[in-house]
Amino acid sequence: MHVSETVATLREVVLMPRDIGPVLPETVGPHDDVVVLLHGFFASAGVFRPMKERLVCETGVHVSSFTHAPGAGVERIAQSLARLVARIPDGCRIHLVGHSLGGLVARWYVQELGGYRRVAQTISLGSPFGGTERARPFRFLVGADLCRTSPLLSRLRSRAHEHDVPHTSIVGDADTMVVPAESAIFPRGDVHVLPGRGHNSLLFDPASISHVTERVRRFKERVAVVAKR
């Protein structure tokens, strides 16, 4: 368990120099599916490379991403997300996938910035919706948004059911960054708990990536069935 988390962390370090700038699909059509990947604290969009490859290979979606600077708060990153989404053609079905801090950004965009009009679903991997005790040392950066008493997180939870955008929480029961573990569960939607997986392992673990891929595939299949009627 500890070995796999160490390997995952090293893998993050290797991938972090990748995909620093905004990545936008070049040939996206008005009815295509676009997955936007949102990374966590002290990371970059490059950490999603393995997940991106499987999403494209197994579902045929377009993938978009951007990298935000360490210390940018949830609201500021969500505004960057809004600008990115504005560059994606209207009519596209947008799926937001966020690891850690990125999952909070996804729901803030949906619930507070009008993203519910564009977003088909949100998926979080180890996102501390209930806050985490590990945020205390980083209060001078983004920790204020992530602490257990954060007004921002309280607002996210209280408005979870105001818009009909489905959510999936993917949780690692060995996650030592989101403490307590139940903080990673959003107040609505499905929950998948992966035994023995740590915080960074959720980015690379085959089961974790399979859950994300399957959620996107199912949505595409439902839309296809409706379109044929």
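Is Glu112 buried, partly exposed or exposed? I began the notebook with this residue, keeping in mind that the model is a predicted one, and I found that Glu112 counts as partly exposed, at 22% relative accessibility.

**Entry 1: the partner of Glu112**

I then looked up what Glu112 pairs with, and found that its side chain meets that of Arg155 in a salt bridge, at 2.9 Å from N to O. Arg155 belongs to helix α6 (residues 151-158) and Glu112 to helix α4 (residues 101-112), so this pair ties together parts that are 43 residues apart in sequence. For Arg155 I noted a relative accessible area of 40%, and this residue is therefore partly exposed.

**Entry 2: salt bridges elsewhere**

I checked the total next, and the structure holds 14 salt bridges. One of them joins Arg49 to Asp19, with 2.8 Å between the closest N and O atoms. I placed Arg49 in helix α2 (residues 49-59) and Asp19 in the loop between α1 (2-15) and β1 (33-38), so the bridge ties together parts that lie 30 residues apart in sequence. The two partners fall into separate accessibility classes: Asp19 counts as buried at 17% relative accessibility, whereas Arg49, with a relative accessible area of 26%, is partly exposed. The cut-off matters for this reading, because buried means under 20% relative accessible area.

I also looked up the bridge between Glu214 and Arg217, where the closest N and O atoms are 2.4 Å apart. Both residues sit in helix α8 (residues 206-228), and because they are 3 residues apart there, about one helical turn separates them. Glu214 counts as partly exposed at 29% relative accessibility, and Arg217 is likewise partly exposed, with a relative accessible area of 23%.

**Entry 3: α2 against α8**

I turned to how α2 and α8 pack, and recorded an angle of about 35 degrees, with the axes 10 Å apart. The crossing of these two helices is right-handed. On the α2 side I listed Pro50, Met51, Arg54, Leu55, Glu58 and Thr59, which meet a set in α8 that includes Pro206, Ile209, Val216, Arg217 and Lys220. Sorted by class, this contact of α2 with α8 has 7 nonpolar, 3 polar and 4 charged residues.

**Entry 4: α3 against α4**

For helix α3 (residues 74-86) and α4, I noted a packing angle of about 65 degrees, with the axes 9 Å apart. That angle makes α3 roughly perpendicular to α4, and I recorded their crossing as right-handed. Among the residues that make the contact are Val74, Glu75, Ile77 and Leu81 of α3, together with Leu101, Leu104, Trp108 and Tyr109 of α4. By class, I found 12 nonpolar, no polar and 1 charged residues in the contact of α3 with α4.

**Entry 5: a loop residue**

Last, I looked up Glu162, which is found in the loop between α6 and β5 (167-172). With a relative accessible area of 46%, Glu162 is partly exposed. I also took the separation of the C-alpha atoms of Glu162 and Val61, which is 28 Å for residues 101 apart along the chain.

How values were computed: Residues are numbered from 1 along each chain as its sequence is written. This is a predicted model: local features need pLDDT of at least 70, side-chain atom pairs count only at pLDDT 80 or more; totals for chains, interfaces and linings use all residues. Side-chain values use heavy atoms; hydrogens and water are left out. A salt bridge is a side-chain nitrogen of Lys or Arg within 4 Å of a carboxyl oxygen of Asp or Glu. Helices (H or I, at least four residues) and strands (E, at least two) are DSSP runs, numbered from the N terminus. Buried means under 20% relative accessible area, exposed over 50%, partly exposed in between (1.4 Å probe, protein chains only). Axes are lines fitted to C-alpha atoms, for helices over the stretch in contact, and angles run from 0 to 180 degrees between N-to-C directions. Angles under 35 degrees count as roughly parallel, over 145 as roughly antiparallel, 65 to 115 as roughly perpendicular and the rest as oblique. A crossing is left-handed if the near helix is turned anticlockwise from the far one by less than a right angle, and right-handed if clockwise. Contact means heavy atoms within 4.5 Å. Ala, Val, Leu, Ile, Met, Phe, Trp, Tyr, Cys and Pro count as nonpolar, Asp, Glu, Lys and Arg as charged, and the others, Gly among them, as polar.
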